[in-house]
Amino acid sequence: MQKVEKQELFKQIMGNYPTGVTILTTTDEGGTPLGLTVNSFASVSLEPLMLLWSIDHRVSSLKEFTEGGKFAVHVLAGEQQELCKTFASKVEDRFSACEWKLSDNKLPIIEGAFGVFECKTFKTIEAGDHTVLIGEVTDIQIDPEKEPMLYHRRVFGPVPQEFYLSEVNS
Ligand SMILES: Cc1cc2nc3c(=O)[nH]c(=O)nc-3n(C[C@H](O)[C@H](O)[C@H](O)COP(=O)(O)O)c2cc1C
């Protein structure tokens with residue numbers, strides 16, 4: 001199989017793989033908040049608490065994320081579709097589209113997420129055209145009133161009700 005063909009199949013399978021959606025935030029040296037939409041997020045370790053995500057080398061805030069030493073992961077709530085789009089767009093001032101504040105760790109925390117992990121960077125790994133960032137979790141918040149967002153084939157929204165119904169029936 002040709003390389004291009006393999007890449008197409010890779011994209012097709014990954015594009016069909018359902019995930020949640022997160023927004024990653026950090027700041028630049030002057031304290032300006034930076035962020036982007038990410039679905040490469042995954043859990044790594046329970047002891048100690050660790051997670052990972054990967055950043056494309058073309059992302060404008062690559063240096064701040066890979067060298068800044070800390071970042072926050074917002075696991076988006078089902079109704080945060082507009083925010084998900086804004087943080088994946090070329091809009092410069094993404095943070096004017098949301099309510100946010102700096103945490104004690106000086107990380108920008110966006111309101112309304114299902115869950116937030118604040119992390120210090122444990123390791124960065126160069127991997128092809130991306131860098132994998134592994135974070136050790138230092139702080140966690142959850143909003144039990146919210147439900148997470150689901151992403152599949154470029155569509156995002158709340159987890160469909162039938163998922164909760166099958167929970168009740170099992
Ligand atoms: C659902 C979704 C998931 C994404 N996941 C990632 C990801 O895991 N890593 C990444 O670098 N970009 C990811 N992106 C793309 C970035 O959000 C997008 O390119 C963003 O505009 C990059 O920031 P920049 O404009 O500051 O360069 C994703 C976009 C969407 C819509």
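This is a predicted model: local features need pLDDT of at least 70, side-chain atom pairs count only at pLDDT 80 or more; totals for chains, interfaces and linings use all residues.
# Residues are numbered from 1 along each chain as its sequence is written.

## Around Trp-100

Trp-100 is found in strand 6, which covers residues 100-102. Helices (H or I, at least four residues) and strands (E, at least two) are DSSP runs, numbered from the N terminus. Which residues does Trp-100 contact, leaving aside its neighbours within four places in sequence? They are Pro-33, Phe-95, Pro-108, Ile-109, Ile-110 and Glu-111. Contact means that the C-beta atoms of two residues, placed from the backbone, lie within 7 Å. Ile-110 is 10 residues from Trp-100 in sequence, and their C-alpha atoms are 4.2 Å apart in space.

## The whole chain

The chain has four helices and 11 strands. Its radius of gyration is 17 Å, close to the 15 Å that the globule rule gives for 170 residues, so the chain is as compact as a globular protein of that length. That radius is taken over C-alpha atoms, and the globule rule is 2.2 Å times the number of residues to the power 0.38. Along its principal axes, the C-alpha trace spans about 50 × 50 × 35 Å. Of the 170 residues, 25% count as buried. Among the contacts in the chain with a separation of 6 or more, 63% come from residues 24 or more positions apart.

Helix 1 (residues 3-16) has 14 residues and reaches 20 Å from its first C-alpha to its last, close to the 20 Å expected at 1.5 Å a residue. The expected span is 1.5 Å times one less than the number of residues in the helix. This helix is hardly covered, as the count of buried residues among its 14 residues is zero.

## The ligand shell

How many residues surround the ligand? The shell has 17 residues, and the closest are Asn-39, Ser-40, Asp-56, Ser-60 and Ala-88. A residue is near a molecule or strand if its C-beta atom, placed from the backbone, lies within 6 Å of it. Strand 2 (33-38) and strand 4 (49-56) each supply at least two residues of the shell. Strand 4 gives the most, with four residues. By class, the shell has eight nonpolar, seven polar and two charged residues. Ala, Val, Leu, Ile, Met, Phe, Trp, Tyr, Cys and Pro count as nonpolar, Asp, Glu, Lys and Arg as charged, and the others, Gly among them, as polar.

## Two hairpins

Strand 4 also pairs with strand 3 in the antiparallel sense over four bridges. Two strands pair if DSSP finds at least two bridges between them. A hairpin joins strand 3 to strand 4 through two residues, and Leu-46 stands opposite Leu-49 in strand 4. Strand 3 (residues 42-46) is hardly covered: the count of buried residues among its five residues is zero. Pro-48 lies in the loop between strand 3 and strand 4, and a cis peptide bond with omega of about 0° joins Glu-47 and Pro-48.

Strand 10 (residues 149-152) and strand 11 (residues 155-158) likewise pair in the antiparallel sense, over four bridges. Leu-150 has Gly-157 in strand 11 as its bridge partner. The two strands form a hairpin with two residues between them, and Arg-153 in the turn has a positive phi of about 50°. Arg-154, found in the loop between strand 10 and strand 11, has a positive phi too, near 65°.

## Loop residues

Most residues other than glycine have a negative phi, and most peptide bonds are trans. Lys-106 has a positive phi near 60°, and this residue lies in the loop between strand 6 and strand 7 (108-110). Gly-128 belongs to the loop between strand 8 (115-127) and strand 9 (130-142). Gly-128 and Met-50 are 78 residues apart in sequence and 22 Å apart in space, C-alpha to C-alpha.

| Residue | C-beta atoms within 10 Å | Class |
|---|---|---|
| Lys-106 | 11 other C-beta atoms within 10 Å | exposed |
| Gly-128 | 8 C-beta neighbours inside 10 Å | exposed |
| Arg-154 | 6 other C-beta atoms within 10 Å | exposed |

Key
A residue is buried if 20 or more other C-beta atoms lie within 10 Å of its own, exposed if 12 or fewer, and partly exposed in between; C-beta atoms are placed from the backbone.
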